[in-house]
Amino acid sequence: ANILAEVPSVVSPNEFEFIRDLTAKTFMALEEAWKHFDVELVDMKIEFGRDVNTGQILVADVIDNDSWRIWPNGDPEKQLDKQSFRDGEDLDAVTEKYRVVTDYTKRFTV
C-alpha cells in the first residue's frame with residue numbers, strides 16, 4: 001500500500017501551487033543575488049508555515065548558510081556552505097567560509 005496516499009494533505013492544491021511558485025521566486029532572487037559575486041546557488045531548502053492570524057502561507061524559515069549549497073565559479077571544490085563542516089573540514093577554514101558568506105550577503109541587492 002502507498003502510505004503517502006493515506007496521509008491527508010495540510011495544504012490545498014492551490015496552496016501547493018502557491019508554495020511551489022514562492023519557492024521558485026525565492027530561489028531565483030537569491031540566485032540573482034549570488035551571481036553578482038560569481039557564486040552559483042546550486043540548491044536550497046526553505047520551510048513554510050501559516051500566519052497564526054490570517055492562515056496565509058509564508059516562508060517560515062531562516063535562510064542562511066545552512067539552507068543552501070553555493071559554489072564560487074560553479075566549482076564544488078570551492079563550496080562556501082555547511083557541507084564543509086559536514087565533511088569535517090578544519091573549523092578555522094569553515095569559520096572563514098561563513099565569514100566570506102556573511103560579507104557577501106551584507107551586500108545583497110535583491
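Helices (DSSP runs of H or I, at least four residues) and strands (DSSP runs of E, at least two residues) are numbered here from the N terminus. By that scheme the chain of this predicted model has three helices and four strands, and from the N terminus on its elements follow the order α-β-β-β-β-α-α. The radius of gyration, taken over C-alpha atoms and compared with a globule rule of 2.2 Å times the number of residues to the power 0.38, is 17 Å for the chain, well over the 13 Å that the rule gives for 110 residues, so the chain is more spread out than a compact globule.

Because the model is predicted, local features need pLDDT of at least 70 and side-chain atom pairs count only at pLDDT 80 or more, whereas totals for chains, interfaces and linings use all residues. Residues are numbered from 1 along each chain as its sequence is written, and side-chain values use heavy atoms, with hydrogens and water left out.

**Overall form and surface**
- Along the principal axes, the C-alpha atoms of the chain fill a box of roughly 45 × 35 × 25 Å.
- Buried residues (under 20% relative accessible area, with exposed over 50% and partly exposed in between, for a 1.4 Å probe and protein chains only) make up 25% of the 110 residues in the chain.
- The chain exposes about 7,600 Å², of which carbon and sulfur atoms supply 55%, the areas coming from the Shrake-Rupley method with a 1.4 Å probe.

- Leaving aside neighbours within four places in sequence, M44 is in contact (heavy atoms within 4.5 Å) with T26, F27, L30, S67 and W68.
- Of the contacts in the chain with a separation of 6 or more, 49% are between residues 24 or more positions apart.

**Loop residues with positive phi**
- D38, found in the loop between α1 and β1, has a positive phi of about 55° although it is not a glycine, and at 47% relative accessibility D38 counts as partly exposed.
- N73, whose place is in the loop between β4 and α2 (83-86), is likewise a residue other than glycine with a positive phi, near 55°, and N73 counts as partly exposed at 47% relative accessibility.
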